[in-house]
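Please examine the sequence and the three-dimensional model displayed below before reading the explanation.

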Amino acid sequence: MADCLFCKIANGEIQVDLIGESTHAVAFKDIHPKQPMHFLVVPKRHFSDVAHLATDDPEALTDLVQLGVELSKKHSDGSFRLQFNTGAGAGQTVFHAHGHFMSRGVVGLD
Ligand code: 5GP
Ligand code: ZN
C-alpha cells in the first residue's frame, strides 16, 4: 500500500529502530507507550486489520504472535497484554494490522 505508515516502516522506507523481526513480521516500540513495555508487531504484508490477517494469512498471524511472545520474554518478565484494535469504533487509527504488546513487567525497553 503506497500511503501506509506501517508498510513504509516494514519495508524500510521509514527508518525506525526495529526491536525484532521474523519471517512475516517486524516489531518496534510504540511512539506513545502506555506501559513500560509497549511495542507493536506488524505483518510485513499489508492487511487492514487483524480480522483480514486471520482470514487471509493465518500463518503470518501466528508468526506475529510468536515474535511478540519472544520479545516479551526479553523486554519484560514474560507477561504481556495483547491488543488488536480493529475498526475506528474500537480506536484503530493505523489501518495496517498490528498487535500492541504491553506489560508493566520488570525490564523496560530503554
Ligand atoms: P491503533 O490506535 O491503530 O491501535 O494504534 C496505532 C499505534 O501506533 C498508536 O499506539 C500510536 O502511538 C502508534 N504510532 C503511530 N504512529 C507511529 C510512528 O510513526 N511510529 C511509532 N513507533 N508508533 C506510531
Ligand atoms: Zn500497510
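This is a predicted model: local features need pLDDT of at least 70, side-chain atom pairs count only at pLDDT 80 or more; totals for chains, interfaces and linings use all residues.

Residues are numbered from 1 along each chain as its sequence is written, chains are lettered from A and ligands numbered from 1 in the order in which they are written, and side-chain values use heavy atoms, with hydrogens and water left out.

Ligand 1 sits in the largest pocket. A pocket is an open set of points on a 1 Å grid over the protein atoms alone, with protein on both sides within 12 Å along at least five of seven lines; a molecule sits in it if more than half of its atoms lie within 2 Å of its grid points. Ligand 1 is surrounded by 15 residues, the closest being Lys29, Asp30, Asn85, Thr93 and His100; a residue is near if one of its heavy atoms lies within 4 Å. By class, this shell holds six nonpolar, seven polar and two charged residues. Nonpolar here denotes Ala, Val, Leu, Ile, Met, Phe, Trp, Tyr, Cys and Pro, charged denotes Asp, Glu, Lys and Arg, and the others, Gly among them, are polar. Helix H1 (5-10) and strand E2 (25-29) each supply at least two residues of the shell; helices (H or I, at least four residues) and strands (E, at least two) are DSSP runs numbered from the N terminus.

Oxygen atoms of ligand 1 lie 2.7 Å from a backbone N or O atom of Thr93, 3.0 Å from a polar backbone atom of Val94 and 3.0 Å from a polar side-chain atom of His98. The protein covers 82% of the 520 Å² of accessible area that ligand 1 has on its own, as computed by the Shrake-Rupley method with a 1.4 Å probe.

His98 is located in the loop between strand E4 (81-83) and strand E5 (99-103). His98 counts as buried because its relative accessibility is 7%, where buried means under 20%, exposed over 50% and partly exposed in between (1.4 Å probe, protein chains only). The His98 side chain also reaches the backbone oxygen of His96 at 2.7 Å.

Ser79 belongs to the loop between helix H3 (58-75) and E4. With a relative accessible area of 32%, Ser79 is partly exposed. Lys44, in the loop between strand E3 (37-43) and helix H2 (50-56), is partly exposed at 30% relative accessibility.

How values were computed. A polar contact is a pair of N or O atoms within 3.5 Å; within protein, one must be able to donate a hydrogen and the other to accept it, and residues adjacent in sequence count only if both atoms are side-chain atoms. On a 1 Å grid over the protein atoms alone, a cavity is a set of points where a 1.4 Å probe fits but cannot get out, and a pocket is an open set with protein on both sides within 12 Å along at least five of seven lines; lining residues have an atom within 4 Å of a point.
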